[in-house]
Every structure is written in structure tokens, then in C-alpha cells.
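This briefing is meant to be read beside the sequence and the coordinates.

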Amino acid sequence: MKSAESAVPVTALLHAWRDGDPSAAERLIPLLYGQLRALARKHLSRESPGHTLPATALVHEAYLKIAGKDFEIADRVHFLALASRVMRRLLIDHARTGRRGKRGGGAVKLSLDEAVQVGREPDEDLLALDAALTEMAAFDPRKAELIETIYFGGMTVAEAAEAAGVSESTAAREVRAAKAWLYARL
Amino acid sequence: MTPERWRQIEALFEEACALDGAERDVYLAERCGEDPGLRQAVEEMLAAEERAPRVLTDAAAALPAVTHWFPAPESIAAGAEIGDWRLIEPIGRGGMGQVWRAERIADFRQQAALKIIHAHLATPALIERFRAERQMLAALTHPHIAQVLDGGSTAEGLPFVAMEYVPGEPLDRYVRGRKAGVEERLDLFAQVCDAVAAAHRSLIVHRDIKPANILVAGGQTKLLDFGIAKLLGGEPGQAALTLPGERMFTAEYASPEQVCGGAITTASDVYSLGAVLYELLADRRPFDFCTASMSELVRQVSTVDPPPPR
């Protein structure tokens with residue numbers, strides 16, 4: 001997909017979604033899903049060994065690729081918020097597939113900030129986080145969205161705040177409470 | 001949970017965050033008097049925040065990078081033989097690679113923690129540097145430093161390091177679990193200082209000193225991963241070998257020059273030792289990074305004095 005072709009419809013869809021039209025998201029999400037997966041494949045292909053990106057960087061790259069130049073700055077955070085949701089879904093789909101196909105055993109854990117920790121499979125952590133976020137969305141959708149955009153979309157607190165329509169200090173406070181709840185839950 | 005209940009918990013959590021130990025207890029007792037469930041929920045969150053790493057900038061730290069989508073080579077599995085070692089069980093995985101407990105094929109009594117570097121990090125330059133550094137690290141012998149035993153590469157050419165296997169517990173967990181007194185904590189800390197001093201005399205900088213890298217077994221500490229951060233972190237002025245967004249240090253213990261990307265010296269280790277000592281004595285970390293932004297992290301570490309422990 002070339003950005004020149006997609007920029008206009010994506011912008012229009014994004015505006016429609018921001019203005020509360022859920023069908024716009026339904027059209028945007030498959031587009032983003034395909035794009036993000038294609039980017040992941042490209043980066044991990046043999047043409048570029050040693051070059052790879054974390055999930056959040058893919059979200060930003062997808063933005064650059066899809067958005068094109070005529071994207072308004074204000075659209076950026078909304079795009080990234082939506083792309084974060086898609087990245088979450090993509091990672092979860094992948095984790096589910098991985099779990100089905102995986103060899104048994106293995107006391108290996110996704111490490112948070114440590115190089116090494118012992119525990120569960122990374123996929124299990126990811127699925128647990130996904131479930132906890134879904135639970136949180138039921139009683140505090142905004143905090144769940146803040147976490148989603150920061151963790152899966154690599155947005156800064158300031159960007160996440162803008163996408164959610166709150167001040168940065170409010171977002172920082174809310175992220176702290178949301179993280180504590182998630183950690184207590186996981 | 002209902003939104004109303006959550007608002008209540010959240011408000012108390014925020015207030016309690018601003019208070020210290022005894023004040024916090026009084027406050028919570030006052031506000032939750034008739035509602036033990038409420039207090040428990042808030043306390044669980046406070047405890048979770050204590051345990052959790054305070055900085056989680058993005059999914060690079062919190063979630064698998066996309067490299068994780070591609071499984072490790074099949075050759076890395078229990079029972080596989082790599083160099084002189086046979087893999088027993090995986091004991092960890094991080095951004096850099098996997099860690100396995102292994103035993104020497106010719107000698108079942110010698111165990112090692114084998115660190116195997118991710119394929120995507122194994123560039124020719126890294127492999128070369130690995131070889132050179134490994135020699136130096138192998139010469140670093142100290143009772144409180146986990147010894148580098150061996151190194152080489154797997155059949156696919158992935159570099160690995162075999163380090164002394166230490167069946168211990170991380171320092172912070174160890175002292176909390178034992179409710180160790182100040183004297184015992186200081187004694188453990190002095191052992192760590194000895195180890196760091198010995199390495200510094202050989203001009204080897206650790207670069208990532210933190211409780212998780214200090215294991216304790218039977219009252220004896222072992223500092224892990226000496227120089228590993230440097231092996232993987234890239235030289236100044238050279239592109240780091242880590243993924244974007246993945247840092248080679250742990251924010252809570254990192255010195256200002258580390259968070260700002262300056263030159264790392266033995267003084268950086270001394271700073272990290274200070275942060276570890278603070279945590280040992282105060283039972284909390286010097287800084288509380290609830291922000292997710294790198295620039296805020298840089299600002300705090302570089303310009304703000306940690307609050308004095310009480």
C-alpha cells in the first residue's frame with residue numbers, strides 16, 4: 001500500500017472514528033492489522049538481519065507509512081491510539097497461536113525491566129495482561145485505554161493524555177494507579 | 001468491580017502514595033475503618049507498586065518484542081549440547097537472549113548458567129567483541145563475583161557465555177524474606193563492595209548493578225553479569241546493539257551519566273551501589289518513577305536529590 005493512495009481515506013476514516021462512528025474503526029482495523037503484520041515480517045526477514053524493532057516501534061512506523069504527509073498533527077495521537085489497539089490484538093493473536101504450538105515445560109518468563117527473571121512464558125504474561133486490561137475496561141475504560149496506548153503503542157504519557165482528552169498530570173496519576181492495579185492483579 | 005468502588009480505591013491509593021509507613025497505616029485505618037476489603041485492595045496496589053519496576057516506557061520493556069514471534073532455534077532445547085555444556089532447563093529470558101542451567105558434559109558436578117545471545121543481536125562485530133571481552137572477564141576471579149567459566153558459540157554461531165551457576169535469591173528479596181537487621185544488610189553490602197572494588201582494580205565496570213544481579217546463598221553474595229552490559233551495550237559513539245527502546249540499565253539504579261548517555265566509568269557503578277545501599281536501609285528505592293517518559297527520567301535522575309530515607 002502506498003501512502004499517497006491511503007492517506008485520504010485513512011484520514012477520513014480516522015476523523016469519522018474520532019467523531020464517534022464505530023464502523024470507521026471496523027474499516028481501519030483490518031488495514032492496520034495487515035500493515036503491522038507486514039512490517040513485522042519485513043523487519044524480520046533475511047534481507048535485514050540484525051535489524052529488528054519492538055512492537056511499539058512498528059506502530060510508529062505504520063503511522064509514518066500510512067499517514068503520509070497530509071495528516072494533521074492532531075490526528076496523530078488518534079491514529080496511534082487505534083494502532084495500539086490493533087497491535088494489542090495482533091500480539092494476543094500471536095501469543096494464542098504460539099501457545100497452541102509450543103513445546104511443553106519451560107520456566108521462562110517475560111522480564112519486565114530485568115534482564116532475567118524466572119517464571120512463566122512471556123505469552124502467558126501477555127495473555128494475562130490482556131485479560132486484566134479487558135477487566136479494567138469494564139470499570140474504568142479510560143485508564144485501560146491509557147495503558148493500552150502506552151504499552152502497546154509506545155505513546156508517551158503526554159500523547160496518551162491527548163488521545164484520551166485529559167491533562168498530562170491527570171494521565172500520569174491515572175497511569176500510576178492503573179499500573180498498580182494491574183500489577184496487583186497479575 | 002463497580003466503577004464507584006474503583007473510584008474509592010483509586011482515591012485512597014493516591015492519597016496513600018503520598019504518605020510514608022506509619023502515616024499511611026493511620027490514614028488507611030481511619031478511612032477504611034468499617035471496610036477491610038477496601039483497605040486490602042489499596043494495600044495490594046501499594047505492595048504491587050513496590051515490587052514492580054517503576055519505569056515501563058513501552059512494550060519494548062513490558063511486552064515481547066516482535067523477535068519473540070520467531071522461536072529460538074530448535075537446537076536450543078533441554079538436552080542439547082553446546083560446546084562442553086549440556087542444557088538442562090531454561091532459567092530466564094530477557095531482551096538479550098536466553099539463560100539456561102547447564103552442566104559440563106564431561107563432569108556432571110559442574111553447573112553453569114549459560115547465556116545465549118539472540119540471533120538478531122549476533123552480528124560479526126558483536127561476536128568479535130564478545131571473544132575479546134570474555135578473555136578479560138574469565139580472568140576476573142573473586143569469591144563474590146560469579147565466575148565466567150567458558151564461552152563459545154552454538155552450532156548456529158550464536159555467542160554464549162557460561163557463568164558460575166548461583167542457586168541464590170536476589171538481594172532485595174533475601175533481606176526482606178529474612179527480615180534481616182541493619183548489621184546483616186551492611187555485611188552483605190560490604191561483600192558486594194569488595195567484589196566491585198576488585199573488578200574496578202582490573203578496570204572492569206559492571207554497568208548494571210542492582211539487587212536482581214546480586215544473588216545471596218547462605219549469607220554469601222555473588223555479583224552476576226559483570227561486564228555483560230558492556231558486551232551488549234555498544235561502545236560510545238557506536239550504535240547500541242540493543243533494540244530501540246530497550247535500555248542496558250535499570251532506571252532505578254542508573255547514574256545520571258547513564259540515563260543521559262554519557263561516558264560510563266567506575267563512578268557509575270559507585271552510584272548504583274549507593275542506590276542499592278539506600279534500598280537496603282530504607283526498604284524502598286531512592287526514586288519513585290511513576291512517569292513513563294524518558295525525558296522526565298533524565299530530569300529526575302540528573303537534577304533531583306532522592307528524599308532522605310526515614
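Buried residues make up 42% of the 186 residues in chain A, where buried stands for 20 or more other C-beta atoms within 10 Å of a residue's own, exposed for 12 or fewer and partly exposed for anything in between, with C-beta atoms placed from the backbone. The model is predicted, so local features need a pLDDT of at least 70 and side-chain atom pairs count only at pLDDT 80 or more, while totals for chains, interfaces and linings use all residues. Residues are numbered from 1 along each chain as its sequence is written, and chains are lettered from A and ligands numbered from 1 in the order in which they are written.

**Chain A: confidence and fold**

- The mean pLDDT (the predictor's confidence in each residue, from 0 to 100) of chain A is 70, and 67% of its residues reach 70 or more.
- Over residues 1-8 of chain A the pLDDT is below 50, and this stretch has twelve contacts in the model beyond near neighbours in sequence, a contact being two residues whose C-beta atoms, placed from the backbone, lie within 7 Å.
- The pLDDT is also below 50 over residues 46-53 of chain A, a stretch with 17 contacts beyond near neighbours in sequence.
- Chain A has eight helices and zero strands, both taken as DSSP runs numbered from the N terminus (helices H or I, at least four residues; strands E, at least two).
- Of the contacts in chain A between residues at least 6 apart in sequence, 61% join residues at least 24 apart.

**A:Val10**

- A:Val10 is found in helix H1 (residues 3-18) of chain A, and it counts as buried because it has 22 C-beta neighbours inside 10 Å.
- Between A:Val10 and A:Leu31, which are 21 residues apart in sequence, the C-alpha to C-alpha distance is 9.2 Å.

**Chain B: helix H10**

- Helix H10 (residues 266-282) of chain B has 17 residues and reaches 25 Å from its first C-alpha to its last, close to the 24 Å expected, a span defined as 1.5 Å times one less than the number of residues.
- The buried residues of H10(B), among them B:Ser272, B:Val276 and B:Leu280, pack against helices H6 (171-178), H7 (182-201) and H9 (256-259) of chain B.
- B:Asp283, whose phi is positive, near 60 degrees, follows H10(B).

**Chain B: the sheet**

- An open sheet of three strands in chain B has the order E7-E8-E9 with antiparallel pairing, where strands pair if DSSP finds at least two bridges between them.
- Four bridges join strand E8 (residues 214-217) to E9(B), and B:Ala217 has B:Gln220 as its bridge partner in E9(B).
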